[in-house]
Amino acid sequence: MKLIKLLPVMAIASVCVAGQVHAAQDPLMMPEQPAAPLTAEQQEISLAVPSEEVKTVVSEFAAFQLGMSNALIQDDNRVMSGQQRYTNNVLYYMNVRRSWYITSHRYKKDSYARVALDRLYLDYKEFFTNNTTVSEMNQAEYERQILAILEKNTENMNNDELRFYMNEMVIYSLKEAMRDGNNRVKRIR
């Protein structure tokens, strides 16, 4: 009689252990492995990066930047143009989204996902630090460079979840920067 009562408990325990073993193999939690270029078949079935929505939002942001006044704004002992303020806001919101992914998924410092998200953020940080303004003459090149950073960071990535997160980081940061006229966002260093 005791064996009959013990069998369901043992079955549940074995399912839990087997589930945890499988969960521990999440490739985004593991250290980054050398990536091989995607095969033609993998490229066919992988999530598109940059997605059409990313391309649309990048174009909207470049047009939005063109509409911003380059009048100088005094803010907390620093002077910046309207376009500089919005590129600063892009970096702020990109960092917010990156941090949210890292915290909510509990990625360790050496996990594949965290390293990839950090690398993407640092590439955009370098770009937006060096390219704070847009003119009508360089608008197409500005858009192309924003998209090229995303393409470069995902060219050998076959994990669609991470590809999605990277698309979303760009979309979120550009949309929020355009919505937020807050000139009190602290400058990213």
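Me: Is Val-9 buried or exposed?
Reply: Val-9 counts as exposed, because its relative accessibility is 53%. Buried means under 20% relative accessible area, exposed over 50% and partly exposed in between (1.4 Å probe, protein chains only). By the way, this is a predicted model: local features need pLDDT of at least 70, side-chain atom pairs count only at pLDDT 80 or more, and totals for chains, interfaces and linings use all residues. Residues are numbered from 1 along each chain as its sequence is written, and side-chain values use heavy atoms, with hydrogens and water left out.

Me: Where does Val-9 sit?
Reply: Val-9 is in helix 1, residues 2–23. Helices (H or I, at least four residues) and strands (E, at least two) are DSSP runs, numbered from the N terminus.

Me: OK, zooming out. How many helices and strands are there?
Reply: The protein chain has seven helices and two strands. Along the sequence the pattern goes α-α-α-β-β-α-α-α-α. Of its 189 residues, 38% count as buried.

Me: Which residues of helix 6 are buried?
Reply: Among them are Tyr-142, Ile-146, Leu-150 and Asn-153.

Me: What about the span of helix 6?
Reply: Helix 6 (residues 139–154) has 16 residues, so at 1.5 Å a residue it should span 22 Å, and its end C-alpha atoms are 23 Å apart, which agrees. The expected span is 1.5 Å times one less than the number of residues.

Me: Switching topic: how many salt bridges does the structure hold?
Reply: Eight. A salt bridge is a side-chain nitrogen of Lys or Arg within 4 Å of a carboxyl oxygen of Asp or Glu.

Me: Which residue pairs with Lys-175?
Reply: Glu-53, at 3.4 Å from N to O. That pair links distant parts of the chain, with Lys-175 in helix 7 and Glu-53 in helix 3 (residues 52–67), 122 residues apart. Lys-175 is partly exposed, because its relative accessible area is 28%, and Glu-53 counts as partly exposed at 39%.

Me: And what does Asp-123 pair with?
Reply: Lys-152, with the closest N and O atoms 3.0 Å apart. This pair also links distant parts of the chain: Asp-123 is in helix 5 and Lys-152 in helix 6, 29 residues apart. Asp-123 is buried, because its relative accessible area is 17%.

Me: Which residues are linked in a network of salt bridges?
Reply: Arg-98, Arg-114 and Asp-118. Arg-114 and Asp-118 both lie in helix 5, four residues apart, about one turn of the helix.

Me: Last one: what's up with the phi of Arg-106?
Reply: Phi of Arg-106 is near 60 degrees, a positive value in a residue other than glycine. Arg-106 is in the loop between helix 4 (82–105) and helix 5 (112–130).
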